[in-house]
Amino acid sequence: VQLQASGGGLVQPGESLRLSCAASESSFGILTMGWYRQAPGKQRELVAALTSGGSTYYADSVKGRFTISRDNAKNTVYLQMNSLKPEDTAAYYCNVQATLGNFWGQGTQVTVSS
């Protein structure tokens, strides 16, 4: 199973971005889909997650600004990021926890700077 992440870029504070992560397969027993981020010199942290049952988790730092969603037909998970702040600058990684294993996409860089 391969995960292809996209959508990162350079934006100004207050602007929005939508990250996408497409899975190469549809039937591998997805349990949870999530987005992590890692800023230089910091540990990777969970930003948002969506379970197969529809429950969501958001880090306190992004609550009210980020939204995770999933398009089952496209095997894709999204992270809509609004009101971006400089502290959101990081490499963002999608993750899928499945019955077949734990899978990571390549990072996509998000830089928020004026």
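Reader: How many bridges join strand 7 to strand 8, and which way do the two strands run?

Author: Strands are DSSP runs of E with at least two residues, numbered from the N terminus, and two strands pair if DSSP finds at least two bridges between them. Strand 7 and strand 8 (residues 76-81) run antiparallel and are joined by 6 bridges. Opposite Thr 67 stands Gln 80 in strand 8. The model is predicted, so local features need pLDDT of at least 70 and side-chain atom pairs count only at pLDDT 80 or more, while totals for chains, interfaces and linings use all residues. Residues are numbered from 1 along each chain as its sequence is written, and side-chain values use heavy atoms, with hydrogens and water left out.

Reader: What does pLDDT average in the protein chain, and where is it lowest?

Author: pLDDT is the predictor's confidence in each residue, from 0 to 100. Where it is low, the predicted coordinates should not be read in detail. The protein chain averages 94, and 99% of the residues score at least 70. Confidence in the chain is lowest in strand 10 (residues 101-104), with a mean of 93, and highest in strand 6 (residues 56-58), at 98.

Reader: In what order do the 4 strands of the open sheet lie?

Author: The order is 1-3-8-7, with antiparallel pairing. Strand 1 (3-6) and strand 7 (66-71) stand at the edges with a single partner strand each, so one side of each has no neighbour in the sheet. From one strand to the next, the twist averages 15°. Strand 3 is joined to strand 8 by 6 bridges, and these two strands run antiparallel. Within that pair, Arg 18 stands opposite Gln 80 in strand 8.

Reader: How many residues of strand 8 are buried?

Author: Buried means under 20% relative accessible area, exposed over 50%, and partly exposed in between (1.4 Å probe, protein chains only). Strand 8 is mostly covered, with 5 of its 6 residues buried. Contact means heavy atoms within 4.5 Å.

Reader: Which residues of the largest nonpolar core touch the most other members?

Author: A nonpolar core is a set of buried Ala, Val, Leu, Ile, Met, Phe, Trp, Tyr and Cys residues joined through side-chain atoms within 4.5 Å. The largest one has 32 residues, of which Trp 35, Phe 66, Ile 68, Leu 79, Met 81 and Tyr 92 touch the most other members. At least two core residues each come from strand 1, strand 3 (17-23), strand 4, strand 5 (45-51), strand 7, strand 8, strand 9 (90-98) and strand 11 (108-112). Strand 9 gives the largest share, 5 residues.

Reader: Is Arg 37 buried or exposed, and which side chains does its own side chain meet in polar contacts?

Author: A polar contact is a pair of N or O atoms within 3.5 Å; within protein, one must be able to donate a hydrogen and the other to accept it, and residues adjacent in sequence count only if both atoms are side-chain atoms. Arg 37 lies in strand 4 (residues 30-38) and is buried, because its relative accessible area is 6%. Its side chain makes a polar contact with the side chain of Asp 88 at 2.9 Å, and another joins the side chains of Arg 37 and Tyr 92 at 2.9 Å. Beyond four places in sequence, Arg 37 is also in contact with residues including Glu 45, Val 47, Ser 61 and Phe 66.

Reader: Which glycines in the hairpin turns have a positive phi?

Author: Strand 4 and strand 5 pair in the antiparallel sense over 6 bridges, and the bridge partner of Trp 35 in strand 5 is Ala 48. Their hairpin has 6 residues between the strands, and Gly 41 in the turn has a positive phi of about 80°. Strand 5 and strand 6 run antiparallel with 3 bridges; there, Leu 50 stands opposite Thr 56. This hairpin has 4 residues between its strands, and Gly 54 in the turn has a positive phi of about 100°.

Reader: Where is Asn 75 placed, and what does it touch?

Author: Asn 75 is in the loop between strand 7 and strand 8, where it takes a positive phi near 50°. It is partly exposed, because its relative accessible area is 22%. Outside four places in sequence, Asn 75 touches Cys 21, Ala 22, Ala 23, Glu 25 and Ser 26. Asn 75 and Ala 23 are 52 residues apart in sequence and 5.4 Å apart in space, C-alpha to C-alpha.

How values were computed. Axes fitted to C-alpha atoms, helices over the stretch in contact; angles between N-to-C directions.
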